[in-house]
Amino acid sequence: MRLPDGVLGMAERGPYWAHWVDDLPRLVDGFLDEWELRTDGWMMHGYCALVVPVVTSAGDRAVLKVSFPDEETEHEHLALTHWNGEGAVRLLRAAPRRRAMLLERLRDVSLADAWDIEACTVVGELYGRLHIPAPPQLRTLSSYVGAQLALLRELPRGAPLPRRLVQQALSLATDLVADPATDGTLLHTDLHYENVLSADRAAWLVIDPKPLSGDPHYELAPMLWNRFDELQRAPGGASVRDALRRRFHTLIDVAGLDEGRARDWVVVRMVLNAASHVRASSAVRNLDPDEHWLTICVTIAKAVQD
């Protein structure tokens with residue numbers, strides 16, 4: 001089996017990734033036999049998964065997805081099971097311990113090419129279908145963010161981030177972690193333009209959840225940082241700030257979310273993203289932080305509260 005070059009390149013991320021890549025052909029062949037599937041097109045991949053178009057023994061078109069076994073992929077099958085095809089791709093079969101799923105096949109058309117405000121409207125509507133009570137097995141948002149508070153406290157004063165913004169995010173995050181409303185709702189957490197595909201049975205369905213039990217207001221940030229560069233070419237000469245705020249307000253208005261709480265989570269999430277990047281860069285000798293990414297994080301955190 002010839003894996004895509006992008007999948008082969010994952011082996012460079014470290015020994016665990018290299019072992020997984022080496023084992024992928026055996027894993028895929030095993031599932032093709034075990035689940036009585038035959039391949040039906042070119043293999044695809046995301047950042048951490050191989051996707052193989054297949055046809056089942058009953059003649060149905062589907063995809064076999066095999067993911068890298070990490071914490072983020074552990075409960076993907078559980079989220080899809082609870083959504084049961086409502087707003088999300090339908091799970092047909094799963095082998096959770098081996099991180100394999102058989103999914104309905106969707107169209108190769110995403111929201112990546114849609115007008116961003118149109119896409120935000122679609123996603124805002126999807127929030128209402130996806131945000132149901134979370135199963136108890138999921139990690140909580142409060143524990144996830146709580147574990148990162150030290151990252152903000154220990155960030156050096158010389159870090160390339162506005163100190164006042166870091167302190168604001170730390171204060172907000174501390175309050176949100178202690179708030180009971182921070183947990184309890186099934187979240188996708190990585191819902192952006194390319195993770196929403198067209199389907200035969202619905203206009204749009206989401207894929208690739210990285211689920212948590214959390215607060216619906218946490219969901220918005222990926223819709224702001226993805227496709228960021230096109231904001232500099234916003235129609236009518238709008239500023240980046242105004243274009244970001246249009247996305248933000250479209251999402252909260254369509255979904256019926258609280259503006260203040262959504263703003264607070266965007267600030268926390270963007271500053272945590274930036275701080276994590278600074279720490280990761282400092283761990284590698286002679287590697288400077290990506291100034292463009294840090295600028296994106298700071299710009300978004302400021303735009304939603306100006």
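A residue counts as buried when its relative accessible area is under 20%, exposed when over 50%, and partly exposed in between, using a 1.4 Å probe and protein chains only. With that in hand, Asp208 is partly exposed, because its relative accessibility is 25%.

## Before we start

This is a predicted model, in which local features need pLDDT of at least 70 and side-chain atom pairs count only at pLDDT 80 or more, while totals for chains, interfaces and linings use all residues. Residues are numbered from 1 along each chain as its sequence is written, and side-chain values use heavy atoms, with hydrogens and water left out.

## The whole protein

Let us begin with the overall picture. The protein contains 11 helices and 10 strands; these are DSSP runs numbered from the N terminus, with helices being H or I over at least four residues and strands being E over at least two. Its radius of gyration is 20 Å, close to the 19 Å that the globule rule gives for 306 residues, so the protein is as compact as a globular protein of that length. Here the radius is taken over C-alpha atoms, and the rule is 2.2 Å times the number of residues to the power 0.38. Along the principal axes, the C-alpha atoms fill a box of roughly 60 × 45 × 40 Å.

How much of the protein is buried? Of its 306 residues, 51% count as buried. The accessible surface comes to about 14800 Å², and carbon and sulfur atoms hold 49% of it; such areas come from the Shrake-Rupley method with a 1.4 Å probe, and for residues only the protein chains shown count as cover.

Contacts tell us about the fold too. A contact means heavy atoms within 4.5 Å. Among contacts with a separation of 6 or more, 69% join residues 24 or more positions apart.

## Two cavities inside

A search of the whole structure finds two cavities of 30 Å³ or more. On a 1 Å grid over the protein atoms alone, a cavity is a set of points where a 1.4 Å probe fits but cannot get out, and lining residues have an atom within 4 Å of a point. Grid points are joined across faces, edges and corners, and the volume is the space filled by probe spheres set on the points.

The largest cavity has a volume of about 70 Å³. Its lining includes Ser67, Thr73, Glu74, His77 and Arg99. Helix 3 (76-83) and strand 6 (100-104) each supply at least two residues of this lining. By class, the lining has four nonpolar, three polar and three charged residues. For these classes, Ala, Val, Leu, Ile, Met, Phe, Trp, Tyr, Cys and Pro count as nonpolar, Asp, Glu, Lys and Arg as charged, and the others, Gly among them, as polar.

The second largest cavity has a volume of about 40 Å³. Among the residues around it are Leu161, Pro162, Met270, Cys297 and Ala301. Helix 7 (163-177), helix 10 (259-282) and helix 11 (291-303) are the elements that give two or more residues to this lining. Which classes make up this lining? It divides into 10 nonpolar, no polar and no charged residues.

Now pick out a few single residues in the structure.

| Residue | Element | Contacts |
|---|---|---|
| Leu8 | helix 1 (residues 5-8) | Arg2, Leu3 and Val21 |
| Asp116 | helix 4 (residues 116-130) | Tyr193, Arg227, Glu230, Leu231 and Arg247 |
| Thr250 | helix 9 (residues 240-255) | Ile117, Cys120 and Thr121 |

Is Asp116 buried or exposed? Asp116 is buried, with a relative accessible area of 9%. Thr250 also counts as buried, at 14% relative accessibility. Leu8 is partly exposed, with a relative accessible area of 36%. The C-alpha atoms of Leu8 and Leu149 are separated by 35 Å, and the two residues are 141 residues apart along the chain.

Two loop residues have a backbone angle to look at. Asn84, in the loop between helix 3 and strand 5 (91-95), has a phi near 50°, a positive value in a residue other than glycine. Asn84 is exposed, because its relative accessible area is 57%. From Asn84 to Gly30 it is 54 residues in sequence and 26 Å in space, C-alpha to C-alpha. Asp208 sits in the loop between strand 9 (205-206) and strand 10 (212-214), and Asp208 has a positive phi of about 55° although it is not a glycine.

Notes
On a 1 Å grid over the protein atoms alone, a cavity is a set of points where a 1.4 Å probe fits but cannot get out, and a pocket is an open set with protein on both sides within 12 Å along at least five of seven lines; lining residues have an atom within 4 Å of a point.
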